[in-house]
Amino acid sequence: MTETSAGAPAPQPPAQTPPVPRRSGVRPAAVLLPALGLVITVAAWWLVTSGVQLVHPALLPPPQSVGRSLTGSAHVLLPALGITTWMTLLGFLLSSLAGVLIGMALAASRRVERMFAPLLVAVNAVPKIAFGPLLVVAVGWGEKPILTMVFLLCFFPIVLSTATGLTTTPADLAELGRSLNASWWQSFRKVRFPAALPQIFVGLKVAMPLASIGAVIGEFYSDQPGLGQQILQYNGVGDTATAWAAIVLVALMSIVLYSALTLIERLALPWVRATTSAR
């Protein structure tokens with residue numbers, strides 16, 4: 001123990017608690033809790049359709065009927081799932097590219113933002129299903145109506161998150177770039193865009209489920225035999241169990257795509273978890 005000049009013992013610095021490292025890998029709760037939620041949902045579904053029969057089977061078939069229809073019509077539904085998945089991914093990628101570029105333009109110029117922000121809000125406010133019949137006339141049959149519908153549903157949250165992220169750069173990082181005499185491009189590439197990536201991924205994760213919705217709505221007005229067409233056809237002949245099986249596949253597809261995007265975010269932005277508080 002050290003002593004001061006007066007002979008009294010010097011105060012010892014407080015002991016620092018070492019930071020607790022975050023666990024890596026997949027935790028059991030990450031798998032068990034979603035599985036438990038699925039079991040509870042299916043049980044509630046069975047209860048209202050078969051247990052106490054609160055809903056008529058013509059409106060919502062019980063889960064066992066949907067399961068039998070899913071296996072019995074797998075030769076039709078699985079190829080349709082592949083078509084819808086491809087349309088969802090392609091439309092999402094196109095809207096992501098366009099949304100990030102538009103968001104960058106709005107963030108770069110206040111005049112551009114004032115000119116076009118009200119127009120973007122107006123387009124986003126229109127119910128997208130109202131564009132359905134018009135898309136067939138405007139762009140024709142095939143994949144174009146589907147991709148257009150996905151784009152219309154997805155681009156606004158991506159634009160908004162990109163513009164917000166680029167205009168809310170932390171002041172200390174912006175000051176660091178100015179102190180190093182960084183050019184506009186250097187500051188954008190090294191400081192502003194990396195700092196905006198967490199916000200951009202928020203918009204991407206909001207847009208991903210919307211892409212699935214847009215793909216299904218677009219298939220309502222297209223000749224592509226995706227899940228949207230299967231829902232219309234089976235519902236039209238009164239086979240609601242198979243129609244609900246197609247809806248279940250859309251939901252599962254959305255969960256898988258959203259989880260994949262979340263994994264990409266964790267791999268691409270490792271510093272976010274290291275610099276933010278754990279929940």
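The exercises cover a pocket, a helix pair and a salt bridge.

This is a predicted model: local features need pLDDT of at least 70, side-chain atom pairs count only at pLDDT 80 or more, and totals for chains, interfaces and linings use all residues. Residues are numbered from 1 along each chain as its sequence is written, and side-chain values use heavy atoms, without hydrogens and water.

**Exercise 1.** Describe the lining of the second largest pocket by residue class.

Step 1. The second largest pocket holds about 400 Å³ of space.

Step 2. Its lining has 15 residues, and Leu38, Val42, Val248, Leu252 and Ile255 are the closest to its centre.

Step 3. Helices H1 (28–51), H2 (63–72) and H10 (240–268) each give two or more residues to this lining. H1 gives the largest share, six residues.

Step 4. Sort by class: 13 nonpolar, two polar and no charged.

**Exercise 2.** Find how the axes of H2 and H3 cross.

Step 1. The axes of H2 and H3 (residues 74–108) come within 5 Å and cross at roughly 80°.

Step 2. The two helices are therefore roughly perpendicular to each other (65 to 115 degrees).

Step 3. List the contact (heavy atoms within 4.5 Å): Leu70, Thr71 and Gly72 in H2 meet Ala74, His75 and Leu77 in H3. These residues divide into three nonpolar, three polar and no charged.

**Exercise 3.** Which side chains meet in a salt bridge?

Step 1. Apply the criterion: a side-chain nitrogen of Lys or Arg within 4 Å of a carboxyl oxygen of Asp or Glu.

Step 2. Glu265 and Lys205 form the pair, at 2.9 Å, N to O.

Notes: On a 1 Å grid over the protein atoms alone, a cavity is a set of points where a 1.4 Å probe fits but cannot get out, and a pocket is an open set with protein on both sides within 12 Å along at least five of seven lines; lining residues have an atom within 4 Å of a point. Grid points are joined across faces, edges and corners, and a volume is the space filled by probe spheres set on the points. Helices (H or I, at least four residues) and strands (E, at least two) are DSSP runs, numbered from the N terminus. Ala, Val, Leu, Ile, Met, Phe, Trp, Tyr, Cys and Pro count as nonpolar, Asp, Glu, Lys and Arg as charged, and the others, Gly among them, as polar. Axes are lines fitted to C-alpha atoms, for helices over the stretch in contact, and angles run from 0 to 180 degrees between N-to-C directions. Angles under 35 degrees count as roughly parallel, over 145 as roughly antiparallel, 65 to 115 as roughly perpendicular and the rest as oblique.
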